[in-house]
Amino acid sequence: MLRLIRSRKVGPATFHRLLAEHGSASAALDALPEVARMAGISDYAPFSIAEAEAEIAAGQRARAQLLTWDHPAYPPALRDIPEAPPILWIRGRTETLDPPCVAVVGARNASSLGLRMARGLSLGLAEAGVTVIAGLARGIDTVAHEAALGPGTVAVMAGGIDRIYPAENSALAEAICQTGLLVSEQPPGTDPVARHFPARNRIISGLSRAVVVIEAAHRSGSLITARAALDQGREVMAVPGHPMDARAAGCNALLRDGALLIRNSQDVLAALGTEAVPTRPVTAPDAAAPVLPPPSTQPDRPLPMRGRDQGGPVGLEGRILAMLGPSPTEENLLIRDLGIPAATMAPVVLQLELAGRIQRLSGGRIVRLA
C-alpha cells in the first residue's frame, strides 16, 4: 500500500480506484505500468521496494508508526470519507481518537477575543471528554491544542511527522505526543508546501464529528476545512464576529449559509447530543505508547485488469472531456448523462487522470484540466 500511494500520479482517489479495480495493492502495482502506457506515459515505474523501506526507516527514526488504510487501528471515521488517506504516520496515543472528536480551527492572526474563545471552548470540550483536533498552526489552532493538552489533543500536520510547522510549536508537538497524537499522511522528512494544507484539512474534518470555526477570513484555510466537513457529512459550526472585522468574515458567511452558531462548549455538546462526562484520566507523560495490533493477514485476491470500453476509448475519452469543464461535475451525473455503465467509464476516467487531463475533487467531483 505504501508503494502504491507513493507511485507517481497516484493520489488517494486513484489509489482507492485501483484497489477496487484490481483487488489488492500488489495487483494494482503490477497493472500500473500498463495503465500509464495506455494514458501515454511510456517510462512509468512504480515506487520501488527500496524507496518504501527507506521511508519506513525514516518513520522509525522519527519514533512514528505507520497505519495503512486496512489496519484495525486506522480511525473508522476517517476510513469512510471520500479519498481517505491510504496511509498515516502517527506518533503518540491512538486511544486519543476513541472519544467523540471535534475540530477547532481558525485564523493564524487571531484577535485576543478569538484566542480567548478558542481557549475556553477547547478546555470545556476536553473537560467533557471530547477530543479536540486542530492543525498545529499559529493562533487558534495553537491555543486549542494547549487548552486540551491534559486529556489529549490530536494535531494533523501538513508536512512529515518529523517536520513541525511552525517551528515555534516544536515543544507543543512533543507535549502532544505524551497524552495525544500527531498525524500526517506525508512521508517523513517532507517540508509542508501550499498544496499539502487543503489535503491536511480534509483529515482534520474527517476525524471529527463537527468542525468549529473561530475567526476566518474569506478564502482562508479554515473555510477549506469547513467545506471538506460539509462534503464529508460533518456538522459545521461557527463563532460569530463583528461585521467590520475581516477575520470574522468567513465565520459570518458560514452562519449566513446555515452553519450552527456557537457561543461556548455547551452549544457544541448540545448540538452533538453529548452530555458532559468526567474528564478522561490524564496518562503519565512517561508512560509507554500503545502497541498497535498486527495488520490484517487476509490474503490478497488479485483481479484481472479490465479493458477499455467496446465503444472505443478515444471516442469515450472525447465524450467525457467534452462534458467536463473547470467547474466541478459530479461523477454520478456524468455517468447518467453519458448513458454508460460505471464499470465502463471507470478505467477511461482513470487513464485521463493519470494523463493529467482531469482532476478528482472531494465529494465525487471531477474537473477538466486540459
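Biologist: Which residues of helix 10 (residues 221-231) are buried?

Modeller: They are Ser222, Leu223, Thr225, Ala226, Ala228 and Ala229. Buried means under 20% relative accessible area, exposed means over 50%, and partly exposed lies in between, using a 1.4 Å probe and protein chains only. This is a predicted model, where local features need pLDDT of at least 70 and side-chain atom pairs count only at pLDDT 80 or more, while totals for chains, interfaces and linings use all residues. Residues are numbered from 1 along each chain as its sequence is written, and side-chain values use heavy atoms, leaving out hydrogens and water.

Biologist: What makes a stretch a helix or a strand?

Modeller: Both are DSSP runs numbered from the N terminus: H or I over at least four residues for helices, E over at least two for strands. By that rule the chain has 15 helices and twelve strands. Of its 370 residues, 52% are buried.

Biologist: What covers the buried residues of helix 10?

Modeller: The cover includes strand 3 (101-106), helix 9 (196-206), strand 7 (210-214), strand 8 (235-239) and helix 11 (249-256). These are found through contacts, meaning heavy atoms within 4.5 Å. After helix 10 comes glycine 233, which has a positive phi near 80 degrees.

Biologist: Why are helix 9 and helix 10 called oblique to each other?

Modeller: They pack at an angle of about 50 degrees, with axes 8 Å apart. Axes are lines fitted to C-alpha atoms, for helices over the stretch in contact, and angles run from 0 to 180 degrees between N-to-C directions. Under 35 degrees counts as roughly parallel, over 145 as roughly antiparallel, 65 to 115 as roughly perpendicular, and the rest as oblique. An angle of about 50 degrees falls in the rest, so helix 9 and helix 10 are oblique. At this meeting, Pro198, Asn201, Arg202, Ile204 and Ser205 of helix 9 touch Gly221, Ile224, Thr225, Ala228 and Ala229 of helix 10.

Biologist: And what makes helix 3 roughly perpendicular to helix 15?

Modeller: Their axes come within 8 Å and cross at roughly 80 degrees. That angle lies in the 65 to 115 range, so helix 3 is roughly perpendicular to helix 15. Val35, Ala36 and Met38 in helix 3 meet Leu350, Gln351 and Leu354 in helix 15.

Biologist: How do you know that tyrosine 165 and phenylalanine 197 form an aromatic pair?

Modeller: A search of the whole structure finds one such pair. Its rings are 6.2 Å apart centre to centre, with 65 degrees between the planes. Rings of Phe, Tyr and Trp (its six-membered ring) pair if their centres lie within 6.5 Å; planes under 30 degrees apart count as stacked, over 60 as edge-to-face and the rest as tilted. Tyrosine 165 and phenylalanine 197 therefore pass the distance test and are edge-to-face. Tyrosine 165 sits in the loop between strand 5 (153-156) and helix 8 (170-179), and phenylalanine 197 is in helix 9, 32 residues apart.

Biologist: Why is phenylalanine 197 called buried?

Modeller: Its relative accessible area is 19%, which is under the 20% limit, so phenylalanine 197 is buried. Tyrosine 165, at 42%, lies between 20% and 50% and therefore counts as partly exposed.

Biologist: Is threonine 14 buried or exposed?

Modeller: Its relative accessibility is 1%, under 20%, so threonine 14 counts as buried. It belongs to helix 2 (residues 12-22). Setting aside neighbours within four places in sequence, threonine 14 contacts Lys9, Leu350, Glu353 and Leu354.

Biologist: What about glutamine 60, is it buried or exposed?

Modeller: Glutamine 60 is in helix 4 (residues 49-61). Its relative accessible area is 56%, over the 50% limit, so glutamine 60 is exposed.

Biologist: What makes a group of residues a nonpolar core?

Modeller: The members are buried Ala, Val, Leu, Ile, Met, Phe, Trp, Tyr and Cys residues joined through side-chain atoms within 4.5 Å. The largest has 33 residues, of which Leu4, Leu18, Leu32, Leu136, Ile161 and Leu182 touch the most other members. Helix 3 gives the most to this core, with six residues. A second, separate core of 31 residues includes Tyr74, Val105, Val236 and Leu254.
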